[in-house]
Amino acid sequence: MEFRQLQYFLAVVEEGSLSAASRRVHVAQPALTRQIRLLEEDLETRLFDRHARGMRLTVAGRALHEEAQELLDRRTRLRTRLSALGKGVTGRVSLGVTVTHLWVPEVAHLLSNYRDRYPRVAFEVFPLLSGPQLDRLQDGGLDAGILYLDGGELPGLETRLLQRDHLLLAVPEGSRWATSPPASLRDVADADVIWGFRHASPQYHDRMQAHFRRLDFQPRVVQYGADNIAILGMVAAGLGIAIVPAASSHHPMPGVHFLRLPELDTCDMLLWLAWRPDNDSPALHNLVSLATQ
């Protein structure tokens with residue numbers, strides 16, 4: 001049984017005759033008659049009683065009539081759904097974003113543009129540091145990630161550079177540095193520093209450390225925070241100072257004062273969009289295309 005034959009069958013039922021149905025479906029009457037015969041042979045039952053005044057549905061024909069339109073409607077819905085999935089206009093994208101960048105205008109702009117173009121795609125956004133993002137990208141737990149990487153070449157991943165960030169000094173609002181900013185990192189060499197764990201974002205951590213080695217600066221770390229939001233909360237509580245991505249200043253943090261230093265401006269912190277090249281999701285590919293633009 002073919003969908004085309006069901007369409008012809010419905011046309012005959014609704015028009016009441018083969019001649020009228022042939023005009024409706026633009027098929028010659030002999031060809032239409034043959035298709036109805038083939039449908040009956042396939043179903044191994046008569047669908048119509050033929051008589052001088054036309055055609056009348058049999059019991060089997062009435063049963064098919066009840067189901068045929070629903071079958072055709074379901075076929076249309078399925079084709080529409082599969083076409084939309086194939087074009088990436090419906091579906092789902094799971095996206096990891098470093099905690100710091102949830103409020104960054106460039107990231108918000110990318111997500112907003114994607115939503116405007118593909119309103120029927122569901123976003124699942126996970127605030128994750130770069131290390132956990134890499135793990136979940138590589139095991140297929142995320143479709144894409146927005147994260148810090150030292151470079152764009154990673155085994156098993158494709159990347160696009162999204163933004164070049166730099167570093168800032170974060171100090172408590174009530175500290176002397178908030179009113180008399182240090183001229184260089186040397187001025188805060190003896191300060192208590194709040195730091196992040198390396199495993200949370202190894203490439204970010206190592207890039208900072210390499211930059212400080214070039215400057216011959218060794219921060220005196222006395223506290224650790226799980227992520228930049230936690231670190232800034234500790235700064236606000238007066239537990240020490242911190243060196244954080246400039247993107248952190250986009251998140252309002254009462255009690256924290258951000259300072260720029262020339263030595264921190266020169267440390268490029270590269271933010272990338274990353275995904276697995278074997279992920280064939282059209283919805284993901286549309287996000288990559290938009291990010292590339």
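What volume does the largest cavity have? It comes to about 230 Å³.

Before the details, the ground rules. This is a predicted model, in which local features need pLDDT of at least 70 and side-chain atom pairs count only at pLDDT 80 or more, while totals for chains, interfaces and linings use all residues. Residues are numbered from 1 along each chain as its sequence is written, and side-chain values use heavy atoms, with hydrogens and water left out.

Now the terms for space. On a 1 Å grid over the protein atoms alone, a cavity is a set of points where a 1.4 Å probe fits but cannot get out; a pocket is an open set with protein on both sides within 12 Å along at least five of seven lines; and lining residues have an atom within 4 Å of a point. Grid points are joined across faces, edges and corners, and a volume is the space filled by probe spheres set on the points.

With a threshold of 30 Å³ or more, the count is one cavity. Its lining has 20 residues, and the closest to the centre are Gly196, Ser201, Tyr204, Asn228 and Ile231. Strand E8 (192–196), helix H8, helix H9 (228–236) and strand E10 (242–245) each give two or more residues to that lining. Helices (H or I, at least four residues) and strands (E, at least two) are DSSP runs, numbered from the N terminus. By class, the cavity lining divides into 12 nonpolar, seven polar and one charged. Here Ala, Val, Leu, Ile, Met, Phe, Trp, Tyr, Cys and Pro count as nonpolar, Asp, Glu, Lys and Arg as charged, and the others, Gly among them, as polar.

Next, the largest pocket, with about 170 Å³ of space. Which element gives the most to its lining? That is H5, with five residues. Helix H5 (105–117), strand E6 (158–165) and helix H11 (282–292) each supply at least two. The lining includes Glu106, His109, Gln163 and Leu290, and by class it has six nonpolar, three polar and one charged residues.

On to backbone angles. His26, in the loop between helix H2 (18–25) and helix H3 (29–43), has a positive phi of about 60° although it is not a glycine. Asp216 likewise has a positive phi of about 60°, and lies in the loop between helix H8 (202–214) and strand E9 (220–225). Most residues other than glycine have a negative phi. His26 is exposed at 73% relative accessibility, and Asp216 is exposed at 71%. The classes are buried under 20% relative accessible area, exposed over 50%, and partly exposed in between, with a 1.4 Å probe and protein chains only.

Last, salt bridges: a side-chain nitrogen of Lys or Arg within 4 Å of a carboxyl oxygen of Asp or Glu. The whole structure has nine. One of them joins Arg24 and Glu14, with the closest N and O atoms 2.7 Å apart. Arg24 is in helix H2 and Glu14 in helix H1 (residues 3–15), 10 residues apart. In another, Asp268 meets Arg164 at 3.1 Å, N to O. Asp268 lies in the loop between helix H10 (262–265) and strand E12 (269–275) and Arg164 in strand E6, so this pair ties together parts 104 residues apart in sequence. Asp268 is partly exposed at 29%, whereas Arg164 is exposed at 52%.
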